[in-house]
Amino acid sequence: MKQALLAILLIAIPVAAFTAFHIYRGDASTPGGSLGDLSSFKTIVADVQAIAATGDLAAAEKRITDFETGWDDAEGRLRPLSPGNWGNVDQAADAALHALRAAAPSADVVGATLTALAATLDDPGRKAHASQTAILIVGIAVTDESGHAIPCEDMITSLRGAIDGTKVGAADLAAASAFLSRATERCNADDDQHADEFSAQGLALAAR
């Protein structure tokens, strides 16, 4: 009997220790891996959203730099807790930073990326378990559901097809053609963001 109890203990103790260790460190291999308290980052994003809502995107860009600095400084502490969840937040943050630092920031894109960043901070594992929402410009998607921009060439092809297929009303044809020209110009200049915005505005005319 004593030998049996000893054998059970010898098995149980290492298993318990292994389990406790992984719970303690928030094992990144499990879906529930946590990044801990992210309230300071949430506060900054809320500030950026409030500033952006006033239309002062330059001030919003300045404030989000505080997020960038704090997030980079905390990487060594947060990333080991859950690399996957850390990566989700980092990607959402990069999208917001890119939107605010564009040559001519779009209020719609800035707002959408900040909303996505705030939601990801609330649930860092959301990208692994549910698709993101595509960013829309005047009701037209300019990204896929993962937040990746639709190639400007594809958007231009869609707009050109709408114009050539006479899906654009006569009253809007000139405006749609102007958007096509501007989208093509920006696409050729590798300014995909603004090219897609112009294409979206042209496509919105076709959807009316």
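Contacts between residues 24 or more positions apart make up 62% of the protein's contacts with a separation of 6 or more; contact means heavy atoms within 4.5 Å. The model is predicted: local features need pLDDT of at least 70, side-chain atom pairs count only at pLDDT 80 or more, and totals for chains, interfaces and linings use all residues. Residues are numbered from 1 along each chain as its sequence is written, and side-chain values use heavy atoms, with hydrogens and water left out.

The protein has nine helices and two strands. Helices are DSSP runs of H or I with at least four residues, strands are runs of E with at least two, and numbering starts at the N terminus. The order from the N terminus is α-α-α-α-α-α-β-β-α-α-α.

Of the 208 residues, 36% are buried (under 20% relative accessible area, 1.4 Å probe, protein chains only). The accessible surface is about 11600 Å², and carbon and sulfur atoms hold 60% of that. The areas come from the Shrake-Rupley method with a 1.4 Å probe.

The axes of α7 and α9 come within 9 Å and cross at roughly 25°. Therefore α7 is roughly parallel to α9 (angles under 35 degrees). Axes are lines fitted to C-alpha atoms over the stretch in contact, and angles run from 0 to 180 degrees between N-to-C directions.

| Helix | Residues | Contact residues |
|---|---|---|
| α7 | residues 152-164 | C152, M155, I156, S158, L159, A162 |
| α9 | residues 192-206 | D192, A195, D196, S199, A200, G202, L203, A206 |

The residues of this α7 and α9 contact divide into nine nonpolar, three polar and two charged. Ala, Val, Leu, Ile, Met, Phe, Trp, Tyr, Cys and Pro count as nonpolar, Asp, Glu, Lys and Arg as charged, and the others, Gly among them, as polar.

How values were computed
Angles under 35 degrees count as roughly parallel, over 145 as roughly antiparallel, 65 to 115 as roughly perpendicular and the rest as oblique. Buried means under 20% relative accessible area, exposed over 50%, partly exposed in between (1.4 Å probe, protein chains only).
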